[in-house]
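Okay, everyone, let me put this one up on the screen. I'll walk you through a few bits of the geometry.

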There are 2 protein chains.
Amino acid sequence: MDTRPIGVFDSGLGGLTALRELARLMPEEDLVYFGDTGRVPYGGRSPQVITRYARQDVAFLRTFDPKAIVIACGTVSATALDALREENPIPIFGVVEPTARAAAHVTRNGRVGLIGTRASIRSGAYGRELGRLKPGVEVTARACPLLVSLVENGRFRPGDIVAETVVAEYLTPIKAAGVDALILGCTHYPLMRDIIGAFMGPGVTLVDAGEQCARWVKKQLEWDGLRNQRPGAGRHRFFVSDSAGDFSELATAFLGEDVRGGVEQIDITAY
Amino acid sequence: MDTRPIGVFDSGLGGLTALRELARLMPEEDLVYFGDTGRVPYGGRSPQVITRYARQDVAFLRTFDPKAIVIACGTVSATALDALREENPIPIFGVVEPTARAAAHVTRNGRVGLIGTRASIRSGAYGRELGRLKPGVEVTARACPLLVSLVENGRFRPGDIVAETVVAEYLTPIKAAGVDALILGCTHYPLMRDIIGAFMGPGVTLVDAGEQCARWVKKQLEWDGLRNQRPGAGRHRFFVSDSAGDFSELATAFLGEDVRGGVEQIDITAY
């Protein structure tokens with residue numbers, strides 16, 4: 001039993017898809033979320049810059065003495081997981097391994113689609129993990145650099161013509177490849193789940209990085225005896241690196257939990 | 001006569017629209033360009049964060065002992081010009097005043113359209129300047145938060161369905177207001193000039209922040225006796241805060257000047 005909080009971070013809003021699932025699966029755990037809204041998006045940046053930003057994100061979360069840190073960001077998970085693990089003596093979980101595992105499990109025809117940021121796709125991390133778990137799997141990958149900007153601007157709902165046009169353009173070659181599973185390799189993408197699902201059709205299973213990661217974290221904490229068994233609801237705290245306003249509104253809408261007034265701004269460059 | 005360089009900065013690629021014009025109007029001047037590609041885009045961030053980033057951008061350029069600094073960024077010009085001027089004892093030029101001046105001059109019917117980033121529109125800076133120069137002018141303003149991301153991803157050419165869809169959505173209410181001049185209040189937008197012009201039609205004059213700013217800077221330097229009269233071509237240097245690769249390719253295509261191999265990466269947070 002360990003009552004310390006779990007730290008969770010992302011470049012912005014996307015990691016909330018993981019946080020929501022963590023809260024649902026482990027309602028008694030304290031969660032500390034950091035969204036690097038002053039430097040979002042990460043996905044078009046170089047591995048060096050992504051790693052530098054991620055180190056600061058982890059250093060900030062470690063000030064809360066967390067029992068584990070969840071990289072609720074496909075870009076950082078695909079780019080800097082090894083470096084962050086080497087440098088920090090606490091469990092650090094990324095989204096790539098659990099997501100690849102889930103995709104390897106659900107595909108029937110061995111054809112898996114993968115969408116992510118430019119940095120995630122360039123890293124090859126998801127493909128390597130899938131190849132290891134299911135040799136011979138055929139991965140059709142596509143970088144989708146505009147999706148994070150759309151989500152961060154609140155444009156992820158069905159009927160948004162721009163969001164639908166962008167999704168159709170990115171996914172057309174993946175649909176044409178005949179995949180039966182599609183990895184949403186960036187935690188921002190599940191916010192567009194309805195648009196993506198409508199385009200791909202009912203024959204394609206969407207594998208959600210945030211959701212898979214949350215299940216994986218729960219299992220790992222149980223194995224390691226790190227779960228908080230105390231009764232009652234855990235506390236959720238939210239921090240961002242730019243003003244709290246827009247984030248609070250979108251986070252409240254997305255989480256179905258009123259976080260307005262509870263989001264604090266910090267200077268991430270001080271960590 | 002002053003042979004020191006002119007410093008120019010933007011959040012990313014956009015300021016190149018001003019740099020290209022500065023180089024065309026004053027080919028003998030040395031120019032030092034900084035694009036903050038490690039933190040682009042600026043336009044959705046808060047005034048505090050924009051001002052903090054801009055201070056670092058100026059501090060970096062001042063290491064070259066420039067005779068003047070051009071804020072080739074609508075967001076910073078609209079948000080932080082006064083603060084930067086107070087803190088720095090060299091001429092600092094923004095894009096708002098020259099652009100508003102040009103729009104006030106070209107409009108015949110007194111109806112002016114304005115597009116910019118969320119921060120620029122929120123600031124009200126363009127509208128205040130227009131109202132001062134041409135009392136009674138009717139400004140129809142619209143924040144266009146996705147355009148910078150599109151441009152930074154190289155998606156600004158006619159035929160790009162996504163870019164055309166986004167532009168049509170943003171500009172429809174401005175076109176409906178019957179404007180005869182449209183301020184492109186962000187230096188990224190002139191890269192989309194063809195798409196924007198095609199949508200607005202031949203009756204609407206596009207006022208380009210980068211171009212107007214460059215003309216204004218030339219005039220001011222002449223009045224102040226700060227022009228470089230030495231014969232021969234000036235030197236152009238380029239710096240970015242993330243890896244040089246993508247920037248070099250897009251800058252080369254846009255400037256029609258091969259800058260590949262000549263772009264250096266720096267750590268802007270050290271300034």
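Let's start with strands S7 (residues 181–184) and S8 (residues 205–208) of chain A, which pair in the parallel sense over four bridges. Pairing here takes at least two DSSP bridges between the strands, and helices (H or I, at least four residues) and strands (E, at least two) are DSSP runs, numbered from the N terminus. A:Ala181 sits opposite A:Thr205 in S8(A).

Quick caveat: this is a predicted model, where local features need pLDDT of at least 70, side-chain atom pairs count only at pLDDT 80 or more, and totals for chains, interfaces and linings use all residues. Residues are numbered from 1 along each chain as its sequence is written, with chains lettered from A and ligands numbered from 1 in the order in which they are written.

Okay, domains. Chain A splits into domain 1 (6–94 + 212–270) and domain 2 (96–209), with bounds from an automatic or database domain assignment. Their C-alpha centres are 21 Å apart. Across the boundary, 29 residues of domain 1 of chain A are in contact with 28 of domain 2 of chain A, contact being C-beta atoms, placed from the backbone, within 7 Å. H3(A) gives the most to the domain 1 side, with five residues.

Terms used:
Contact = placed C-beta atoms within 7 Å.
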